[in-house]
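Please find below a short note on the model, arranged as numbered points.

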Amino acid sequence: MTLRTDAGLAEIRLRPIRPADKDALATGLSRLSSRSVYQRFLSPKPRLSSAELRYLTEVDFLDHYALVAVPARRPDVLVGVGRWVRDAEAPGDAEIAIVIGDPLQGRGVGTRLGVALAAAARERGVQRFTASMLPDNRAAHRLFAKISSELQLTRQRGVDELVADLVAA
Ligand SMILES: CC(C)(COP(=O)(O)OP(=O)(O)OC[C@H]1O[C@@H](n2cnc3c(N)ncnc32)[C@H](O)[C@@H]1OP(=O)(O)O)[C@@H](O)C(=O)NCCC(=O)NCCS
């Protein structure tokens with residue numbers, strides 16, 4: 001995901017994702033470092049299919065909720081994306097994932113997205129976030145510690161499975 005070098009953190013806005021974001025999402029993914037792609041998808045993911053782009057941008061904001069981070073002056077350019085998807089069999093649970101473009105990582109945008117996603121989730125009856133992350137992904141672990149003070153972590157096949165309680169938070 002690209003960021004103009006003159007776009008400071010204060011100029012980053014969050015807004016709901018929309019169907020017209022398909023090209024920007026595909027472009028953003030193509031510009032992510034392979035490390036960030038692997039941390040987000042836990043596998044290499046070179047490009048998204050049309051069906052995946054539809055799934056990721058045409059969301060109902062009830063069971064699938066997604067926000068994007070954009071420069072205020074370029075709301076068509078995505079510098080970050082975060083979403084949660086409700087578990088159909090356990091409606092109080094939702095899986096969350098966030099990715100921030102490499103140039104902007106470590107500047108608080110992921111935390112802003114995470115906090116906003118958690119607020120929207122609580123309003124829609126989600127009680128727990130689940131997330132999968134690499135054990136050495138310190139930024140992701142710290143981000144979730146800011147969303148909830150009640151975290152459970154289990155390690156399965158080299159991946160940390162985290163459950164964040166949104167009610168106790
Ligand atoms: C993980 C990710 C979403 C965090 O977003 P971010 O905007 O970079 O993080 P923030 O600036 O909001 O910082 C969140 C916390 O992580 C810490 N942090 C940020 N980058 C870090 C790094 N490289 N190493 C260690 N800690 C880091 C911050 O200090 C902050 O913790 P603190 O407030 O307790 O000090 C982002 O780095 C990213 O997109 N990574 C690649 C994809 C990914 O890992 N997604 C998570 C899968 S759910």
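1. The chain contains 5 helices and 7 strands, where helices (H or I, at least four residues) and strands (E, at least two) are DSSP runs numbered from the N terminus. Along the sequence, their order is β-α-α-α-β-β-β-α-β-α-β-β. The radius of gyration, taken over C-alpha atoms, is 15 Å, close to the 15 Å from the globule rule (2.2 Å times the number of residues to the power 0.38) for 169 residues, so the chain is as compact as a globular protein of that length.

2. This is a predicted model, in which local features need pLDDT of at least 70 and side-chain atom pairs count only at pLDDT 80 or more, while totals for chains, interfaces and linings use all residues. Residues are numbered from 1 along each chain as its sequence is written, and side-chain values use heavy atoms, leaving out hydrogens and water.

3. Of the 169 residues, 43% are buried, meaning under 20% relative accessible area with a 1.4 Å probe, protein chains only. Of the contacts (heavy atoms within 4.5 Å) with a separation of 6 or more, 63% join residues 24 or more positions apart.

4. Which residues of H4 are buried? They are Val109, Gly110, Leu113, Gly114, Leu117, Ala118, Ala120 and Ala121. These residues lie on the same side of H4, because they cover an arc (of the directions from the helix axis to the C-beta atoms) of only 165°. An α-helix has 3.6 residues a turn, so residues three or four places apart point the same way.

5. The cover over the buried residues of H4 includes strand E1 (12-16), strand E4 (90-100) and helix H5 (138-147). After H4 comes Gly125, with a positive phi near 85°.

Conventions: Buried means under 20% relative accessible area, exposed over 50%, partly exposed in between (1.4 Å probe, protein chains only).
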